[in-house]
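Colleague: I have a model open and want to go through its folding details with you. Can we take it point by point?

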Amino acid sequence: MPQMKKQEYDELIVDSYICRIAFKGENHPYIAPFLYIFDGRFMYFLSTKYGKKVGHFRQNPSVTVEVEKYNPDLSNFAFVAIPGRLEEVHDQEIKNFVRARFVELIKKKNLSMNVLSALGHSPDEPIEALLTEERNNVWKLVGVKVADISGLKHSEVGQNRTPSQ
């Protein structure tokens with residue numbers, strides 16, 4: 001299976017917004033889906049302030065983030081696994097920036113308001129509650145070494161289909 005070049009997995013990260021984060025669990029890895037934003041340097045995540053993922057983060061912030069893109073029939077697919085460490089963001093300016101980008105993402109992608117429940121809010125609340133209330137943690141992926149990133153892809157020759165999430 002062909003390896004992805006850095007430019008290819010950078011594009012995948014920029015174009016996507018859903019990932020999975022693998023935490024070191026108690027007996028097995030614990031994998032959870034997350035929305036994310038990418039500022040060109042760091043991936044940022046909003047996490048509720050409760051749940052297994054928070055406990056696993058506190059125990060060991062070393063994780064692997066996986067982003068994928070594929071056709072429903074799997075004729076074309078690409079994925080990248082990014083090992084690193086999650087760090088909680090405490091700088092209010094950065095937290096405001098990240099939350100504003102999440103609001104933009106939800107609006108731009110026309111996501112269901114049900115997504116707010118994954119971010120510590122009720123789907124009945126206005127989306128702007130993400131900007132004014134601190135019901136979630138902001139996490140940043142740090143400590144990423146390019147040499148440790150694994151990106152693989154497959155495209156069928158002659159197919160004009162674009163992978164979709």
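This is a predicted model: local features need pLDDT of at least 70, side-chain atom pairs count only at pLDDT 80 or more; totals for chains, interfaces and linings use all residues.

Colleague: How many bridges join strand 1 to strand 4?
Modeller: Strand 1 spans residues 18–23 and strand 4 spans residues 62–70. The two run antiparallel. Isoleucine 21 has its bridge partner in strand 4, at valine 65. The number of bridges joining strand 1 to strand 4 is four.

Colleague: Which residue in strand 5 stands opposite serine 62?
Modeller: Strand 4 also pairs with strand 5, residues 76–88. Nine bridges join these antiparallel strands. Opposite serine 62 stands arginine 85.

Colleague: Which residue in the hairpin of strand 4 and strand 5 takes a positive phi?
Modeller: This hairpin has five residues between the strands. The positive phi there is near 60 degrees. The residue that takes it is leucine 74.

Colleague: How many residues does the largest nonpolar core have?
Modeller: Ile21, Phe23, Met43, Phe45, Val65 and Leu86 have the most contacts inside it. Helix 1, helix 2 and strand 6 are among the elements that each supply at least two residues of this core. A second, separate core of 20 residues includes Leu116 and Val142. The largest nonpolar core has 25 residues.

Colleague: Why is leucine 105 classed as buried?
Modeller: Leucine 105 sits in helix 3, residues 92–108. Outside its sequence neighbours, leucine 105 contacts Tyr17, Tyr36 and Ile37. Buried means under 20% relative accessible area. Leucine 105 is buried because its relative accessible area is 11%.

Colleague: What separates the C-alpha atoms of leucine 105 and tyrosine 17?
Modeller: The two residues are 88 residues apart along the chain.

Colleague: Is arginine 99 buried or exposed?
Modeller: Arginine 99 lies in helix 3. Its relative accessible area is 2%, so it counts as buried.

Colleague: Which side chain does a polar contact of 3.5 Å join to that of arginine 99?
Modeller: Arginine 99 touches several residues beyond four places in sequence, including Leu46, Gln92, Leu130 and Val138. Glu133 and Glu134 are also among them. The polar contact is with glutamate 134.

Conventions. Residues are numbered from 1 along each chain as its sequence is written. Side-chain values use heavy atoms; hydrogens and water are left out. Two strands pair if DSSP finds at least two bridges between them. Buried means under 20% relative accessible area, exposed over 50%, partly exposed in between (1.4 Å probe, protein chains only). Contact means heavy atoms within 4.5 Å. A nonpolar core is a set of buried Ala, Val, Leu, Ile, Met, Phe, Trp, Tyr and Cys residues joined through side-chain atoms within 4.5 Å. A polar contact is a pair of N or O atoms within 3.5 Å; within protein, one must be able to donate a hydrogen and the other to accept it, and residues adjacent in sequence count only if both atoms are side-chain atoms.
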